[in-house]
Amino acid sequence: MAIQKSYTDIYGATHAESYTRIHSVYTNDEAATLEIHIWHNAAARSKADASARKQPLVTEVITLMDNAYTTYFSDSALKANTKSPAVQAYAWLKTNDSFIGADWTSGTTDV
C-alpha cells in the first residue's frame with residue numbers, strides 16, 4: 001500500500017509521480033507514531049530489488065494524540081472499522097491539506 005501524487009519538495013523540485021509509504025506505525029494507549037517516507041517515484045522505492053532502492057526524499061515522523069489518535073487508532077476505532085493501524089494511517093494522511101508541505105486531500109492515488 002502506498003500513495004502516488006505530485007509532490008514539490010522543499011527545494012522547489014516537483015516529483016510528478018512521488019511514492020509515499022507509511023514505513024511504520026507504533027501505537028500505545030494514548031498515541032500513535034507514524035514514520036512516513038516519500039520517494040521520487042515507485043522505481044526509486046524499488047520494492048523488488050533492495051540493492052536498487054534509493055534513499056527517500058523525505059522521512060517524517062509524527063506522533064498523533066488526542067482527537068486524531070481517538071478517531072483513527074484507539075482500540076474502539078480499529079475494532080469498529082475492522083481496520084489495521086497501517087490502513088488507518090493512510091486514511092489519516094489523506095485528511096491533511098498541509099502536511100509535509102503537501103495537500104493530501106486531493107490528487108492522491110492508492111498504489
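**A quick tour of the chain**

Analyst: Happy to. Bear in mind that this is a predicted model. Buried residues account for 36% of the 111 residues in the chain.

User: Thanks! How many helices and strands are there in the chain?

Analyst: There are four helices and five strands. Reading from the N terminus, the order is β-β-β-α-β-α-α-α-β.

User: And what radius of gyration does the chain have?

Analyst: The radius of gyration is 14 Å; a compact globule with 111 residues would come out near 13 Å, so the two agree. Along the principal axes, the C-alpha atoms fill a box of roughly 40 × 30 × 20 Å.

User: Nice. Let's go to the strands. How do β1 and β2 run, parallel or antiparallel?

Analyst: Antiparallel: β1 (residues 3–8) and β2 (residues 14–27) are joined by five bridges. If you want a spot to look at, K5 sits opposite S18 in β2.

User: What's in the turn of that hairpin?

Analyst: Five residues lie between β1 and β2, and G12 in the turn has a positive phi of about 95°.

User: Which strand does β2 pair with over eight bridges?

Analyst: That's β3 (residues 32–39), again in the antiparallel sense.

User: Where is D66 found, and is it buried or exposed?

Analyst: D66 is in helix α2, which covers residues 66–72. D66 counts as exposed because its relative accessibility is 63%, and the cut-off is over 50%.

User: What about I100, buried or exposed?

Analyst: I100 is buried: its relative accessible area is 15%, under the 20% limit. I100 belongs to the loop between α4 (85–93) and β5 (109–110).

User: Changing topic: how many positive and negative side chains does the chain have?

Analyst: There are 9 positive and 12 negative ones, with the centres of the two sets 10 Å apart.

User: And how much of the accessible surface belongs to carbon and sulfur atoms?

Analyst: 48% of about 6400 Å².

User: Last one: what share of the contacts join residues at least 24 apart?

Analyst: 46%, counting contacts between residues at least 6 apart in sequence.

Technical notes
Residues numbered from 1 in each chain as written. Predicted model: local features only at pLDDT ≥ 70, side-chain atom pairs only at ≥ 80, totals over all residues. Heavy atoms only, no water. Helix = DSSP H or I, 4+ residues; strand = E, 2+ residues; numbered from the N terminus. Rg over C-alpha atoms; globule rule 2.2 N^0.38 Å. Buried < 20%, exposed > 50% of the residue type's maximum accessible area, 1.4 Å probe, protein only. Contact = heavy atoms within 4.5 Å. Areas by Shrake-Rupley, 256 points an atom, 1.4 Å probe, with all protein chains shown as cover. Lys, Arg positive; Asp, Glu negative; His and termini not counted. Charge placed at Lys NZ, Arg CZ, Asp CG, Glu CD. Pairing = 2+ DSSP bridges.
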